[in-house]
Structures are given as structure tokens and as C-alpha cells.
Amino acid sequence: MARHIYQCPLRWSDMDAFGHVNNVVFLRYLEEARIDFMFRLAPGDGSPSFSGGSVVARHEIDYLRPLVHRHEPVTIESWVTKIGAASLTIAYEIKDAQQVYVRASTVVVPFDLEAQRPRRITAEERSFLEEYVDDSAGGPDGGSGALAA
């Protein structure tokens, strides 16, 4: 099982009045990591996978420690905890070498932009995603995700 690693820079504007990264900003960090991950199998390599779009159906976030601005990026590790027929769950940890700041998960639904409706995961997408499956690590709740038909 592989994990996707994304180095996410912190921006001064990410902080709120309390001097730490605002809770909403963490959703942006997760989005950056998720897009970087999903577009590893993308049109740049001639693949049509994930090029039609996807939508977020659910986010779950556990904020474990405050994160304050610094010049070093945080590491966001992403992996897949569940692959269904028409959805997948991505789990994340936002961390550095010393600690984990956030554990989160996102349910993503592939979407047909032309038809304006969800679509099934293709065989190529499933094959790519299966390389990142770890059903023992889960998302914020420890997870019990699994592959689904």
C-alpha cells in the first residue's frame, strides 16, 4: 500500500484571529492534496480518468492540535480506505515530523459534467486507486473501510 505525499505550504493569510490556521483552511489543504493525488492518473498522460470531474459528498475532520504559521510546509499523506461502485473514500493526515495536526476523510463521487450526474468508477480508475488502499488506517474515526463491489 502506497500513500500519496503532498507538501503543502502555509500562507500568512491562513491564520485567524487566534493565531493558528483557521479550521476552514484545512479543507483547502485537503483539496490541494486530493487534486494532486487524483490527477496523478489524468489527462496529461492521455488518460480520460477523473477528467470528467468529481464532487465531494462528505468531509469528516478531527482537529488534533493547533497549527501556526511557519515557513516549512506540512506533509499531507493521503490514501484510499474504500472504493465503491460510484464513490471512494480518501483518508488524510496533516502532519510534520513531530506530530499530527489533523486526521480527515472525504467521500468523492466521480461526476459526468455533461450529463450532470454521478457516474461509476472506471476499471482504470479502480486499478489506480487500489494501489493506495489501506483499510486498516481509516479516516478520523480509525476507519474500517474496505473495498466494495
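**Exercise 1. State the accessible surface of the protein and the share of it that belongs to carbon and sulfur atoms.**

Solution. In this predicted model, the accessible surface of the protein comes to about 7,800 Å². Carbon and sulfur atoms account for 51% of that surface. Turning from surface to interior, 43% of the 149 residues count as buried, where buried stands for a relative accessible area under 20%.

**Exercise 2. Describe the order of helices and strands from the N terminus on, and the sequence range of the contacts.**

Solution. The protein holds two helices and six strands, and these elements, read from the N terminus, follow the order β-α-β-β-β-β-β-α. For the contacts, consider those between residues at least 6 apart in sequence: 67% of them join residues at least 24 apart.

**Exercise 3. Classify V24 as buried, partly exposed or exposed, and locate it.**

Solution. V24 belongs to helix α1, which spans residues 23–38.

**Exercise 4. Carry out the corresponding analysis for D135.**

Solution. D135 is found in the segment after α2, the helix of residues 123–130. With a relative accessible area of 40%, D135 is partly exposed, since this class lies between the 20% and 50% cut-offs. Finally, although D135 and T81 are 54 residues apart along the chain, their C-alpha atoms are separated by 4.8 Å.

Terms used
Residues numbered from 1 in each chain as written. Predicted model: local features only at pLDDT ≥ 70, side-chain atom pairs only at ≥ 80, totals over all residues. Heavy atoms only, no water. Helix = DSSP H or I, 4+ residues; strand = E, 2+ residues; numbered from the N terminus. Buried < 20%, exposed > 50% of the residue type's maximum accessible area, 1.4 Å probe, protein only. Contact = heavy atoms within 4.5 Å. Areas by Shrake-Rupley, 256 points an atom, 1.4 Å probe, with all protein chains shown as cover.
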